[in-house]
Amino acid sequence: MPQLAESYACVPSTERGRGILISGDPKSNRLLYTNGRSVIIMNLDNPLDVAVYAEHAYPATVARFSPNGEWIASADVSGTVRIWGTHNDFVLKNEFKVLSGRIDDLQWSADGLRIVACGEGKGKSLVRAFMWDSGSTVGDFDGHSKRVLSCVFKPTRPFRIVTCGEDFLVNFYEGPPFKFKQSRRDHSNFVNCVRYSPDGSKFITVSSDKKGLIFDGKTAEKIGELSLEDGHKGSIYALSWSPDGKQILTVSADKTAKIWDICEDYHGKVHKTLTCPGSGGVEDMLVGGLWQNDHIVTVSLGGMISMFSASDLDKAPLSLFGHMKNVTSLSVLKNDPKVILSTSYDGLIVKWIQGVGYSGKLQRKETSQIKCFAAVEEEIVTSGFDNTVWRVPLNGDQCGDAESVDVGSQPKDISHALQSPELVLVSIDSGAVLLRGGKVVSTINLGFTVTASAIAPDGSEAIIGGQDGKLHIYSIAGDTLTEEAVLEKHRGAISVICYSPDVSMIASGDLNREAVIWDCASREVKLKNMLYHTARINCLAWSPDNSMVATGSLDTCVIIYEVDKPASSRVTIKGAHLGGVYGLAFIDEHTVVSSGEDAFVRVWKLTPQ
């Protein structure tokens, strides 16, 4: 069976103008965040050690470890909270429908018996506290009129709950059973986050009015605030206490994080301002922060996770990055097969090195969206959702000045002639376009609807697949295409075509879940009955020694076939990517890399049969 060798994680989902509340477990030093329907558990000491919980039916919003570290409660946009174990395959303990709308924050009580959740809901039900094992409500929470962004349990007895939200209020409840005690209206904008100090003596709220206020933990009287000199110049989205309760971390839309000393007289002074590396654009706004043991973690709007060391704040932070959206294509560079390039449709190209993980993103001069992508050593070719094809020269990690070519229609598929890379075949709806360098040498109308294409490495032959499921083989002489043969076997529109590395075979896949391997010389079917997917085939890849073909599908599986054995002796990787597999490539004969809708890139080791 194929073994998962490495996972390159996605980054937290973010939203402009909103903070995200990441959390962790101080005992095992793990970080918890969400992206789409996945909850990601990442080990801060080794970021390649990643686990994923993917059982939510709706996009997940927030997750928290229980105080003993054995359970995780995670919530989603439908108002559901799932409580599951951190060991043996994340066994589900309970599932409760808590609110009628999205949950923005949830918190365990210090004894691990109660959970409070807050968010959006119909009518008054914006906050609920419940027993973790039975789901029965403990208390009545009124006093908020708009979405409640954050809630917190007092970590010591007597128990209290504090909530804050978009109605500028900070509400204080006593219990259990919890009853409304008082409401503070000291902020003049959304109150984004509230957190108790570890000893329960005070709590701090931060807000979009750029202020942080300090309250007494038992009586909720305002006793101090964070100093305005050298304070934040933008909305403050989140705060996190240091383990000893003497300092806090705040993150803000002004692109900085600040460490504050909380003095004896309950006022906060800036101890250090942390700036994260970045280009200075909107995507560098910081929206999430966490102080855990010696790690200070910040998350930017673009998804960049920066880890500072609390004991040595001057040290440059370790940056982790990845995709936030569906990773639609993958490419492994031939001259250095340890380098993997992955792209997502939002225009991000990330470079990964096997064994190391994230090694930088390729900064293009123009940040257009990417629908099709092809890469060779010296250049990448991309196209988006307009009529333009971009040819971008690649020198190491830097992209040179791109040339754009208008091909007159939205490109469906792009392929390089590997031995003469200046020749590129672009298929469009009505036919094909041949590019040499930055010029269109010919546009051929083929008279059928084109869905996929491939060009032979020496540029002498092209295969074009149609909506009708037929493969048309053309010979290329000069700048003209001449039809040589038509291969018929598929029963659905062709989605992907790929030459084997030695050009002796062709593999093709269709929307009707079937793949076929053809012999190039005789133009006969070489391997048939490759019908083991349950949904459309999105991508396929050949192994470098021409012995295996891998197919990836919308049904979340990757299937690996051996060319010389019947299709029934296949190897299947089930559930490779939540939501479907969109990119596949072989690194060597025993290693395949896949990417998908869940924004992950995964490396699998194949064991010889």
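Two strands pair if DSSP finds at least two bridges between them. Strands are DSSP runs of E with at least two residues, numbered from the N terminus.

All views show a predicted model, in which local features need pLDDT of at least 70, side-chain atom pairs count only at pLDDT 80 or more, and totals for chains, interfaces and linings use all residues. Residues are numbered from 1 along each chain as its sequence is written, and side-chain values use heavy atoms, with hydrogens and water left out.

**View A. The hairpin of β23 and β24.** Strand β23 covers residues 256-262 and strand β24 residues 268-275. They pair in the antiparallel sense over seven bridges. D261 stands opposite K269 of β24. Five residues lie between the strands, and Y266 takes a positive phi near 65 degrees.

**View B. An open sheet of four strands.** The order is β6-β7-β8-β9, with antiparallel pairing. β6 (60-65) and β9 (92-97) are the edge strands, each pairing on one side only. Neighbouring strands are turned by 15 degrees against each other on average, direction ignored; axes are lines fitted to C-alpha atoms. Strand β8 (residues 80-85) pairs with β9 over five bridges, in the antiparallel sense. V81 has F96 in β9 as its bridge partner.

View C. Beyond its neighbours within four places in sequence, S453 is in contact (heavy atoms within 4.5 Å) with residues including D413, L425, I463 and I497.

Definitions and conventions: Axes fitted to C-alpha atoms, helices over the stretch in contact; angles between N-to-C directions.
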